[in-house]
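Look at the model below with its sequence at hand.

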Amino acid sequence: MTDIRANTSQDPQSVGTAILGGGPVGVAPRPELMAAHALRGDPVVNPKGYALGRLEHIVLDVERGCIAYAVLSFGGFLGLGDKLFAIPWNAFTFDADRHRFILNVDRGVLEGAPGFDKSQWPAMADPRWASHLHAYYGYRPYWD
């Protein structure tokens with residue numbers, strides 16, 4: 001697999017998601033604005049291109065008018081036993097040409113991450129939970 005780290009060094013201090021590729025300006029659709037449902041199920045890979053999981057949900061901070069988290073499914077077999085992981089939106093790079101997300105974390109970091117069951121979501125609006133999550137992944141909280 002091709003190592004794409006040089007192109008995906010997302011700044012932990014940024015609040016948005018970096019974008020790789022996409023068509024020329026003035027040609028629709030462009031990856032800067034996309035329907036959230038069009039991203040559901042997109043693969044999530046590490047910078048070496050190895051599969052980490054799939055994007056299941058995009059969580060909005062309605063009050064601030066921005067994307068807070070991407071929820072990734074990881075683990076299990078054929079969708080059974082998958083755990084969900086909320087990951088700060090700014091931790092991702094969107095590869096528009098391959099329609100996938102690149103997450104610059106080791107699989108071990110993801111395996112040790114605070115995950116949750118699809119029937120028991122955490123209190124994502126709790127500032128302590130959110131601060132802990134951002135610190136775990138090493139990204140600045142989007143509300144700062």
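The largest nonpolar core has 33 residues. A nonpolar core here is a set of buried Ala, Val, Leu, Ile, Met, Phe, Trp, Tyr and Cys residues joined through side-chain atoms within 4.5 Å. Buried means under 20% relative accessible area, exposed over 50%, and partly exposed in between (1.4 Å probe, protein chains only). Tyr69, Ile87, Phe101, Leu103, Leu110, Met124 and Tyr137 have the most contacts inside this core. Two or more residues each come from β3 (51-61), β4 (66-74), β5, β6, β7 (100-103) and α2 (127-137). β4 gives the most, with 6 residues.

This is a predicted model: local features need pLDDT of at least 70, side-chain atom pairs count only at pLDDT 80 or more, and totals for chains, interfaces and linings use all residues. Residues are numbered from 1 along each chain as its sequence is written, and side-chain values use heavy atoms, with hydrogens and water left out.

Setting aside neighbours within four places in sequence, Leu110 is in contact (heavy atoms within 4.5 Å) with Leu52, Leu72, Phe74, Phe85, Ile87 and Tyr137.

Now step back to the whole chain. The protein chain has 7 strands and 2 helices. Its order from the N terminus is β-β-β-β-β-β-β-α-α. Helices (H or I, at least four residues) and strands (E, at least two) are DSSP runs, numbered from the N terminus. Of the 144 residues, 38% count as buried. Among contacts between residues at least 6 apart in sequence, 55% join residues at least 24 apart. The chain exposes about 8,200 Å², and carbon and sulfur atoms supply 55% of it. Accessible areas come from the Shrake-Rupley method with a 1.4 Å probe; for residues, only the protein chains shown count as cover.

Is Asp61 buried or exposed? Asp61 lies in strand β3. It is buried, because its relative accessible area is 11%. The side chain of Asp61 makes a polar contact with the side chain of Arg64 at 2.9 Å. A polar contact is a pair of N or O atoms within 3.5 Å; within protein, one must be able to donate a hydrogen and the other to accept it, and residues adjacent in sequence count only if both atoms are side-chain atoms. Beyond four places in sequence, Asp61 is in contact with Cys66, Ala68 and Tyr142.

Finish at Trp89. Trp89 sits in the loop between β5 (83-88) and β6 (92-95). Trp89 counts as buried because its relative accessibility is 11%. The C-alpha atoms of Trp89 and His134 are separated by 9.9 Å, with the two residues 45 apart along the chain.
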